[in-house]
Amino acid sequence: MAAYSVSAADLQPETTELLQRLVRFNTVNPPGNEREAIEHLQAYVADAGFETELLAATPERPNLVATLAGHSADGPTLVFLGHVDTVLAAAADWQHDPWSGDLADGFLWGRGALDMKSQVAAEAVAAVTLARAGWRPVRGALKLVFVSDEETGGAVGARWLTEQHPDRVRCDYLVNEGAASPFELDGQRYYGVCCGEKGIYRFRLTAHGTAGHASMPRLGDNALLKLAPVIEALAPGSSGYDPTPAALALIEALGEDPSDLPAAIASLRARHSALPVIVEPMLAVTLTPTMAGASEKINVIPARAWLKVDTRVPPGLGAEVALARLRERLGAAAAGLEIEFTEQVPGYASPHRSELMDAIERWLAAADPDARAVPVLLPGYSDSSYFRAAFPDLIAYGFFPHRHQTLFESAPLVHNADERIDVRDLGYAASFYAALARELLG
Ligand SMILES: [Zn+2]
């Protein structure tokens, strides 16, 4: 076993090099154009002995499935998942060109340096390093699944792959994005392990009135004015909590009382002003008005005015809870309002206690003995949910451990200018993936 032991320092140079290469493929989605990046990864892992296959809904946007079969097929399949597309970048706002992969000040700069070409590179280098050294799973299989099209919903990426080719990507354990950098609370370091993603339930609210000439305001019945109390009611605030077991376990792990969530959040705020901003959405339905419209003419009093509300619901809960929380928050402001769903996408979660969590905790105990792993939920969506929906027994977590770049340093850079990663964290993360493969597959 010791022959396959690889350190963060061993893995860092190659992970850095691969990430630079990946950043230099412009895979801004839309349109994505992920083919060259995916083919580069295919050649890289095939060279080390992985069996590879490209599966594509459209030729320019393939997905890579690479398999390292074990000595015995009778065992679990572990998937390292990653997407190679990115959101856009406005080069003028950056200190380094977003497709340069520049190394400066100890960081690797570029779009995708955090979300999530870095994790793809770390997963690939870990797996390739083991394979090159002759390692094969004792039982089961290790798969790398690198997909296109995460940033716009996976219609030709993970969603397509799990719906059209479930047999190629079926797995027992999956590690994806969703949590990465540690945070400190009262001097204790915590690593989030993302156990689930919230569902998306979007509303369109319409107020009705009577049209009229804008020059005589009392002539009509202005629908737009009726949205004022509605918008005010949706200012950030609590509409009560709908916690999942993972969210309650997080509160407890942070030293707060999960049976009194308002008090727990207040206490957490006193200990760390920024942490509740991230933690509170894990515990509750969030209701955020984002788009509105009314009259199409400046001189016409609108007979209709609409407001769209982006609503995120903890995994396991659905439309009824979203609607109940919306009505509760609106109160009297809901009178006369037409309420309809425009989108309903359930969230999914994996149990927060599992063999995969045990393995993560064992790795962390060796890599960063003073730190603790804690379950977290992703307020947004990720490809993990498509896999959980396709394979109900799957344990899927988001975990891309950093040691140096903290949560409050990296989170503001995701989807933003100057996205960059501390290069020491590339080796650190890669050493986790290598250790995990050996831990779960032998
Ligand atoms: Zn991502």
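Me: How many bridges join β5 to β19?
Reply: Quick caveat: this is a predicted model, where local features need pLDDT of at least 70 and side-chain atom pairs count only at pLDDT 80 or more, while totals for chains, interfaces and linings use all residues. Residues are numbered from 1 along each chain as its sequence is written, and side-chain values use heavy atoms, leaving out hydrogens and water. Strands are DSSP runs of E, at least two residues, numbered from the N terminus, and two of them pair if DSSP finds at least two bridges between them. β5 and β19 run antiparallel, and the bridges joining them number three.

Me: Which strands stand at the edges of the sheet?
Reply: The open sheet has three strands in the order β4-β5-β19, with antiparallel pairing. Each edge strand has a single partner, so one side of it is left without a neighbour in the sheet; these are β4 (103-104) and β19 (420-422).

Me: Is His83 buried or exposed?
Reply: Buried means under 20% relative accessible area, exposed over 50%, and partly exposed in between (1.4 Å probe, protein chains only). His83 has 1% relative accessibility, so it counts as buried.

Technical notes:
Helix = DSSP H or I, 4+ residues; strand = E, 2+ residues; numbered from the N terminus.
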